[in-house]
Every structure is written in C-alpha cells, then in structure tokens.
Amino acid sequence: MTTETATDVFESHRPVLLGVAYRMLGRVADAEDVVQEAWLRWSGSDRGDVREPRGYLVRITTRLAIDRLRQIKARGETYVGPWLPEPYVTDFGDSVPDTAERAVLADSVSLAVLVVLESLSPLERAVFVLREAFGFPYADIATMLDRGEPAVRRLAGRARKHVEERRPRYEVDPAQRRDLTERFLAAAAGGDLDGLMALLAPEVRLVGDSGGKSRAPLRILQTADKVGRFLVGAVQKSLPGLPGLSVRFLELNGGPAALILSDGRPDSVFQIDVADGRVRSVYIIRNPDKLRSLAAD
C-alpha cells in the first residue's frame, strides 16, 4: 500500500473514526487529537498484513480514546455547574441512507445519551459505542479491546442496562423539533411567558453549561414555571446587550439547534428535546471553550 493509497484509505474512514472518538470523549478537540494520533500510527505502521482497514483503524482509535478518557477521569477535574458535551456538528449526508441507521446514529450522539455515557467506565463506554452506535459484532469488539467475547458481552449488557435505565425517551422528528425550537426562541425573545409556557411540559428541565465562564444557571432548573420565568428574564437581559445579534439553525448532536452569534462569534447554543408535542428538556451551552469549533462553520 503506497503512502498516497494509505492516506486515501484513512480519509475515507475519518468520519467513522471521529464519530467513535467523539462518542467516547464528548469533546471535539480531544476526538480530533485522537484521530490525528491514529493517523500517525497508521501512516508509520507496516500495513502489509492489514486485511480490513476499517476495523484496524477503529481498533487504534478506540484504544487511544480509552487511554484519553482514563487520563481525564484520573485528573478528577472539577467542573463549575452542570456539564454537557461539546456541541458536535452532525451531517450524515448520503453516507447513511437508511432511516433506521440514521436514527441510531443520531440518538447515540445526542446530548442526553452522552451525559449518561459519562457515568460508564471507559471499557463499558467503548463497548456500548462500538456495539450500539456502529453495530460491530461482539467478536470484532473483543479483538479491538483485547478481551474475551464473553467478557465483552457482559460489559455490553451492563452498559446497555445502565443507559436504558437513565436515558430519557424523546421523539426524534427533526421537523417538529425545528418548529418547536423556532417557536420556543420567538416566545422567549419576545418576553411571551404565556406562549412559552404553552410549549413547555410541566416537568421540563433546563440544563445550562457555562463552566463558570459565562452566565448560566449553576444548577438544573425543573418545572415549567421556573424554566419559563428564567428564560424570559435571561433573554430579555442578555440579548439586548449582544452586538450584531444573529441566530443560525444547524444540526448538532443529531438534531436541530439554534446557534446564537454576536458579531459573528458564537455566544450560545440552544437545543431542545421533545415528547408528545411539548418541550421536555432545554439545553443551553455557553462555555466559550465548547463553542470554538462552531466559529468557522
């Protein structure tokens, strides 16, 4: 395999590798670092015995991501306020034509699921991502992780049970989510508390992630009254002070989201989850470190 061919092969699998690394880490920069390290190992290795490049590259990427995740957990970093994954631009394009497969990929990268995955061990998270999101056979996962297949099946069972018990169930119709997102933002920006309350489920939750670096709730808010009043007050105080305010809709973490820009620079991301036609969760990401990857999009 020539250097040029090796580059082409790696680039053809880069989206999958980045998808695996991001689902493992919940951080775009860390995922990109892991994929770059995988490239260095791939380009510097003897590829003569590699019969299935996709599996080989996923194995390298997964092991690097496990190491990175263990380092992060070992550092025991404290985070100010609620934590959410870094927003990740998702556009499956024509590479994933099947609707069912698209739904699985979108769900596995959603903010709600990634928050639950944070509570898994690195090995459990790797098995869950490889099996549930990408459909790798247990035997292949066992080879990738250098574990026996029975052990991998046990890890998969524990991880699946943990996620199923904690993951919220939401509708994934993107058109409905986009419509509700637009109505939600219009009501909040217009100070229309009654209109906003009509969109919120009684048990709605608001999770704001600022990392202590900008203004956002330092605890999760719950109930329509608390969430509605907070949003109307916060938007009326914050938006008028933002120069060159604009809103752009894009697909983040498998669903529609609103990116709030100030003079072209990302200020915050709003995303909602929907069930039974009502907003069940509101996610606001304002940590500037987590918005850098959106600046050039």
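Does D267 count as buried or exposed, and at what relative accessibility? At 15% relative accessibility D267 counts as buried, where buried means under 20% relative accessible area, exposed over 50% and partly exposed in between, with a 1.4 Å probe and protein chains only.

This is a predicted model, in which local features need pLDDT of at least 70 and side-chain atom pairs count only at pLDDT 80 or more, while totals for chains, interfaces and linings use all residues. Residues are numbered from 1 along each chain as its sequence is written, and side-chain values use heavy atoms, with hydrogens and water left out.

Select D267 in strand β5, strands being DSSP runs of E with at least two residues and helices runs of H or I with at least four, numbered from the N terminus. Its side chain is joined to that of R286 by a polar contact of 3.0 Å, that is, a pair of N or O atoms within 3.5 Å, of which, within protein, one must be able to donate a hydrogen and the other to accept it, and residues adjacent in sequence count only if both atoms are side-chain atoms.

Next, select helix α11, residues 224-238, where A224, V227, G228, L231, V232 and V235 are buried. Seen down the helix axis, these buried residues fall within an arc of 125°, taken from the directions from the axis to the C-beta atoms, so they line one face of α11. On the face turned away from the buried side, look for the exposed residues R229 and K237.

Finally, select β3 (residues 245-252) and β4 (residues 255-262), which pair in the antiparallel sense over eight bridges, pairing requiring at least two DSSP bridges.

Methods
Expected span 1.5 Å × (residues − 1).
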